[in-house]
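Biologist: Hi! Could you walk me through this structure in plain words?

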There are 2 protein chains.
Amino acid sequence: MQRTAGGRPDVTTDAGLPVAPETAERLALSADAPPQPPGGNRVVRAAAAGHWERRGLATAAEQVLMAPGPAPLLLALLAVTGGDLVLTRPTAAWYAPQAELLGRRVHRVAAPAECGGVPDPVALLEAVRRARADGSPGPRVLVLSVADDPTGTVAPPELVHEVCEAAAESDLLIVSDETFRDVLHAPLTVVLSPAESLPGRTVVVTDLAAGALPSGWPAAVARFPADGPVADLRAPVCDALARLGATTATPVAEAAALALTEPGPLRLRRTAANRLHAAVARAAHAALLEAGALCLPPACGFHLYADFTPLRPALAAHRITGPDELARLLPGASPGHRFGDEPRAPRVRIAMPVLYGDSPEQREAALASADPLRVPHVASALAALGRAFTELTDA
Amino acid sequence: MQRTAGGRPDVTTDAGLPVAPETAERLALSADAPPQPPGGNRVVRAAAAGHWERRGLATAAEQVLMAPGPAPLLLALLAVTGGDLVLTRPTAAWYAPQAELLGRRVHRVAAPAECGGVPDPVALLEAVRRARADGSPGPRVLVLSVADDPTGTVAPPELVHEVCEAAAESDLLIVSDETFRDVLHAPLTVVLSPAESLPGRTVVVTDLAAGALPSGWPAAVARFPADGPVADLRAPVCDALARLGATTATPVAEAAALALTEPGPLRLRRTAANRLHAAVARAAHAALLEAGALCLPPACGFHLYADFTPLRPALAAHRITGPDELARLLPGASPGHRFGDEPRAPRVRIAMPVLYGDSPEQREAALASADPLRVPHVASALAALGRAFTELTDA
């Protein structure tokens, strides 16, 4: 398990794969590039616009901002909009701290049974109504994650529509985290962006760390609507990024511009990465179910969100009573409370990339294989994960 | 004049010089380096510790944090300490926004007559006393800038001692911005760090954008005391950086580790850069005085802080009544209010690097010259600046 300098388990986004040669080359050629302005220069913003155009979202460079990672984008947006934050339970770990830093409240709404990343629409309406009843400014921004980390699920389009309707009825601005929309396990999976369902109220945020760039190169892009009140937030958000000193490192921004134009070799590499993520997640999911845990079937990304509630008696026999103990004993696992889940619920996020190999060469071999489960070190890491599940839970 | 995407004049730190070949090479070789943890990995923290050791400040890697620029370091520190911020008037533009973002007050204290970057000690005591009289938590953090941007002055050691005594008496934590401590116009200038004068209360912050790295590669390092209550802030500040997603881009951190070890070729380049900054600032200073403006003699950095107050009648005849008009008409100038000065005071910061050349080749030639004022494009840029001064102010 990767750990931060502070010793906390890593809850960041890291596909665990070596950098593409084309991307490394662009970095190496970018030492002399002029500094990026806050929000990104025209080249990188146009590249991001093209990326969204190819996904059915007409976009001009003037609608785009780039930042060194998604967190400063959300922080700047919250600083500009005021009001509290509404999140699904669980969510990616980086959303809540931006509101907390500004002294804003975070309201958590449960996900429906079938997927994570979006709240149950009826529960959302009720939570916002209740939160506003005490007269405070109340909820203002809702983060949705249609292709979700940590749950690895893709919310069905009709549910996304319903949630967007509930958000509009609740007068919420939507931040659509689309970091994982290209990390699909089945290429034909339909991902409906809230920017299609509720265009005037949606800001799309895409962290490039899920595959477009190495996770150590912080870069993210945001897409604002073409017009209306949410479009008018773009300039003050850019100004807030400038005040935060949140400009993207020049060589990283140049590499991001390349990645966002999606040249052929990088598209092929993404296809290979998705094959690897899908195969390993499917196998780990099967092992989880076999051990008796609950877990929604993975459809995107490289994480599983495992619920050991049915195994509580067996876990208790091993003196495991909460998610921290589980996270210590399982490779690649982080406790669910880091994702906003209930503090003692026996749920963990499990990162697949720890199974891809210990060296860059091993990870490159896993990426290159047409059948990743037959790569010996991947097979043995998966077997070890399966043993860890059964050792935890045998009676 | 450089401008941000939002169209605001640039108030950042940019020495305006091409990247050193050794630094570019390190970047190019760093594409495969593993992600940096929040706060920086041991290699870069040890390199920063060595940098401070060579400046007389015994430092262990465990006292160091790295961040993608100085702003997240101050933001994280303020988030952890609570309380308001005390600044000199004027100061670097990036301090105040971090407090404002957190909803904290900023108290401005005038500098003494002889230099900028540190407040008048008596005025500091009085300002803190007054600010606390209303019962609010009040001032908690004081930023000092001994080798100062925007004023280009170096505070004398006895004054630094007095200010540190006043800070201790006022129970303030000191953030010592030492970004410009190596950009000295005379090599033997004595720079007393508040970390020497008041070691237990001082956090040193150094932005590498003043010369160690290109300004578009955001990286800064902070040095905490070895022990005591301020040392104990390091871990929570690192945790706040993690929550902000403020990790340094891997290739930039690798280049920073090289720069902080100060190999011979980079030391020589710094000497050349300082010669250029000193020569151009001295010439621009003379032109300012000749035009009748006020300006403290430059001793460090690459900015002048010009006060056109004595020329108000002449400026009024040209319909120039404030700093924004001045900044529009003078190359490299930004209005003083961006640095916390009074909104209508006719004062501007003037950046020397706009005079070093329009192309990387011209800037490299200015850097390489033993007598930069004889480089034709530098001489003609200085002459144009002098003409701009006199055109503004002729009667």
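Predicted model: local features only at pLDDT ≥ 70, side-chain atom pairs only at ≥ 80, totals over all residues.

Biologist: Thanks! Is strand β4 of chain A largely enclosed or open?

Modeller: Largely enclosed by the rest of the structure, because five of the six residues of β4(A), residues 139-144, are buried. Buried means under 20% relative accessible area, exposed means over 50%, and partly exposed is in between (1.4 Å probe, protein chains only). Strands (E, at least two residues) and helices (H or I, at least four) are DSSP runs, numbered from the N terminus.

Biologist: Which strands does β4(A) pair with?

Modeller: β4(A) runs parallel to strand β2 (residues 84-89) of chain A, joined by three bridges, and parallel to strand β5 (residues 173-177) of chain A, joined by four bridges. Two strands pair if DSSP finds at least two bridges between them. L142(A) is the bridge partner of V86(A), and in β5(A) the partner of L142(A) is I174(A).

Biologist: Switching to chain B, what about strand β10?

Modeller: Five of the five residues of β10(B), residues 347-351, are buried, so that strand is largely enclosed by the rest of the structure. R347(B), R349(B) and A351(B) point one way, while V348(B) and I350(B) point the other way. β10(B) pairs in the antiparallel sense with strand β8 (residues 303-307) of chain B over five bridges, where L304(B) stands opposite I350(B).

Biologist: And helix α9 of chain B, how many of its residues are buried?

Modeller: 10 of the 12 residues of α9(B) are buried, so this helix too is largely enclosed by the rest of the structure. What covers them includes α1 (21-28) of chain A and, from chain B, elements including α2 (42-53) and α10 (264-291). Contact here means heavy atoms within 4.5 Å. Just after α9(B), E262(B) takes a positive phi of about 55°.

Biologist: How much area do chain A and chain B bury between them?

Modeller: About 2,900 Å², with 64% of it on carbon and sulfur atoms. Buried area is the accessible area (1.4 Å probe) that two parts lose on being put together, summed over both. In chain A, A31(A), L101(A) and R243(A) lose the most area to chain B, together 19% of what that side buries. The contact takes 38 residues from chain A and 37 residues from chain B.

Biologist: How many salt bridges cross that interface?

Modeller: The rule finds two; one of them joins R243(B) and E100(A) (3.5 Å, N to O). A salt bridge is a side-chain nitrogen of Lys or Arg within 4 Å of a carboxyl oxygen of Asp or Glu.

Biologist: What does R349(A) form a salt bridge with?

Modeller: With D149(A), the closest N and O atoms being 2.9 Å apart. R349(A) lies in strand β10 of chain A and D149(A) in the loop between β4 and α6 of chain A, so the pair ties together parts that are 200 residues apart in sequence. R349(A) and D149(A) are both buried.

Definitions and conventions. Residues numbered from 1 in each chain as written. Chains lettered and ligands numbered in written order. Heavy atoms only, no water.
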